[in-house]
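I opened my notebook to look around inside this protein.

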Amino acid sequence: MAPDPDLAVDRLRLKRRLLVWRVAAVAAFMLALVAAGSHSLFHAHGVGQRDHLVRLRITGVIGADNRKQLDLIDHATTQKSVRGMILVVDSPGGSVSGGEALHDAIARFAARKPVVVSMGGVAASAGYMVSVPAQRLFAAQSTLTGSIGVIMEAPDVSGLLDRVGVKVDQLVSGPMKGQPSVVQPLSPDGRQMLQGVVADLFDQFVTMVAQGRHMPVERVRTLADGRPYTGRQALTLGLIDQIGTEADAKAWLIKTQHLPEAMPVTDLRVRSARPWLRQAIGGIVGLILDDEWTGSVLSQGVALDGAVAIWKP
């Protein structure tokens with residue numbers, strides 16, 4: 001039986017209408033998410049009208065992409081109701097660029113309002129980098145901190161490829177473009193070039209510590225051979241100011257700034273989408289595409305750049 005042309009046209013018209021409604025529904029849903037997200041990001045987590053302190057927690061490996069966290073810090077910097085910051089650091093470090101960005105944002109805050117640091121079990125390398133702009137650093141006696149230095153690693157599997165008889169030709173625009181390479185050994189010139197990059201990043205790290213801790217650069221260099229220090233050692237060396245807890249850090253901030261003891265503390269944190277919310281968004285995207293959604297586009301991970309400032313036990 002031949003298909004009815006009118007029926008085919010009607011079905012095509014219905015499909016188009018359905019697509020329009022789907023797109024409109026998703027657009028409305030995403031606008032609602034943006035509005036709710038911006039409200040929870042800056043209102044529910046730290047920018048009310050009542051005077052308060054903010055608490056920023058930096059935990060785990062510091063990634064290169066921390067734009068939302070930087071926005072939170074910068075926004076809090078401009079709020080008159082924010083009287084100071086308690087920075088809680090429990091991190092072995094991570095990306096040099098991510099650590100630098102957080103350091104600079106905290107330094108901007110500290111230039112206008114007081115910051116006090118409470119170190120957890122570890123606040124080393126880039127974790128120490130982000131701490132030094134604060135006016136006072138607290139740590140436990142057993143805290144591992146310091147580890148001032150930069151590391152760049154590049155795997156080389158060329159020996160393994162030779163064993164299995166695989167040869168890789170690499171075409172580059174210049175001799176330094178292919179350095180380092182996972183399929184070829186690092187050349188002497190490439191090693192010298194990369195060592196220069198690491199040395200320059202290290203100089204920047206040392207300068208941050210010297211400025212933040214008000215210490216001579218050469219004094220910092222004598223301490224910056226990459227080793228970690230306990231909180232007790234760091235106190236003796238001038239890398240921290242006091243042994244104490246987060247409660248001690250808050251008490252110091254309230255006392256020195258002549259704030260009420262009952263001053264409330266509000267957390268500055270990025271609220272990530274709940275799993276059910278990510279699935280709902282994915283389902284709607286799949287509805288538009290009329291296809292199965294894998295969810296991989298919303299997966300998150302910690303991105304580290306090539307050079308890292310991290311303590312590796």
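Entry 1, ground rules. I take helices (H or I, at least four residues) and strands (E, at least two) as DSSP runs, numbered from the N terminus. This is a predicted model, where local features need pLDDT of at least 70 and side-chain atom pairs count only at pLDDT 80 or more, while totals for chains, interfaces and linings use all residues. Residues are numbered from 1 along each chain as its sequence is written, and side-chain values use heavy atoms, with hydrogens and water left out.

I found 10 helices and 11 strands in the protein. For burial I used relative accessible area with a 1.4 Å probe on protein chains only: buried is under 20%, exposed is over 50%, and partly exposed is in between. Of the 313 residues, 37% count as buried. I then turned to contacts, meaning heavy atoms within 4.5 Å. Among contacts between residues at least 6 apart in sequence, 76% join residues at least 24 apart.

Which strands pair with β1? I count two strands as paired if DSSP finds at least two bridges between them. β1 runs parallel to β2 (residues 82-91) over 8 bridges, and Ile 58 stands opposite Val 89 in β2. Between β1 and β2 the chain passes through helix α2 (residues 67-78), giving a right-handed β-α-β crossover. Right-handed here says that, with the strands pointing away from the viewer, the path from the first strand over the helix to the second runs clockwise. β1 also pairs with β10 in the parallel sense, over 4 bridges, and there Arg 55 stands opposite Asp 267.

I picked out Leu 53, which sits in β1. Is Leu 53 buried or exposed? Leu 53 counts as buried because its relative accessibility is 0%. Leaving out residues up to four places away in sequence, Leu 53 touches Arg 83, Gly 84, Ile 86, Lys 250, Leu 253, Ile 254, Leu 259, Met 263, Pro 264, Val 265 and Thr 266. I also checked Leu 53 against Pro 264: they are 211 residues apart along the chain, yet their C-alpha atoms are separated by 6.2 Å.

Ser 118 lies in strand β4 (residues 115-124) and is buried, with a relative accessible area of 5%. Beyond neighbours within four places in sequence, I list its contacts as Leu 87, Val 88, Val 89, Phe 138, Thr 245, Glu 246 and Ala 249. Next I noted Ser 147, which has a positive phi of about 50° although it is not a glycine. Ser 147 is in the loop between β6 (144-146) and β7 (151-152), and it is buried at 4% relative accessible area. His 258 has a positive phi too, about 55°, and is not a glycine either. I located His 258 in the loop between α9 (246-256) and β10 (265-268); its relative accessible area of 71% makes it exposed.

Rolling a probe the size of a water molecule over the atoms shows where empty space is left. I worked on a 1 Å grid over the protein atoms alone: a cavity is a set of points where a 1.4 Å probe fits but cannot get out, a pocket is an open set with protein on both sides within 12 Å along at least five of seven lines, and lining residues have an atom within 4 Å of a point. Points are joined across faces, edges and corners, and a volume is the space filled by probe spheres set on them.

How many cavities of 30 Å³ or more did I get? The count is 1. The largest cavity has a volume of about 40 Å³ and is lined by Val 96, Glu 100, Met 129, Leu 201, Gln 204, Phe 205 and Met 208. I sorted residues by class: Ala, Val, Leu, Ile, Met, Phe, Trp, Tyr, Cys and Pro are nonpolar, Asp, Glu, Lys and Arg are charged, and the others, Gly among them, are polar. The cavity lining then divides into 5 nonpolar, 1 polar and 1 charged.

Last, I visited the second largest pocket, with about 280 Å³ of space. Its lining has 15 residues, and Met 152, Ala 154, Leu 186, Arg 191 and Leu 194 lie nearest its centre. Helix α6 (residues 188-213) supplies the largest share of this lining, 4 residues. By class I noted 9 nonpolar, 3 polar and 3 charged residues in the pocket lining.
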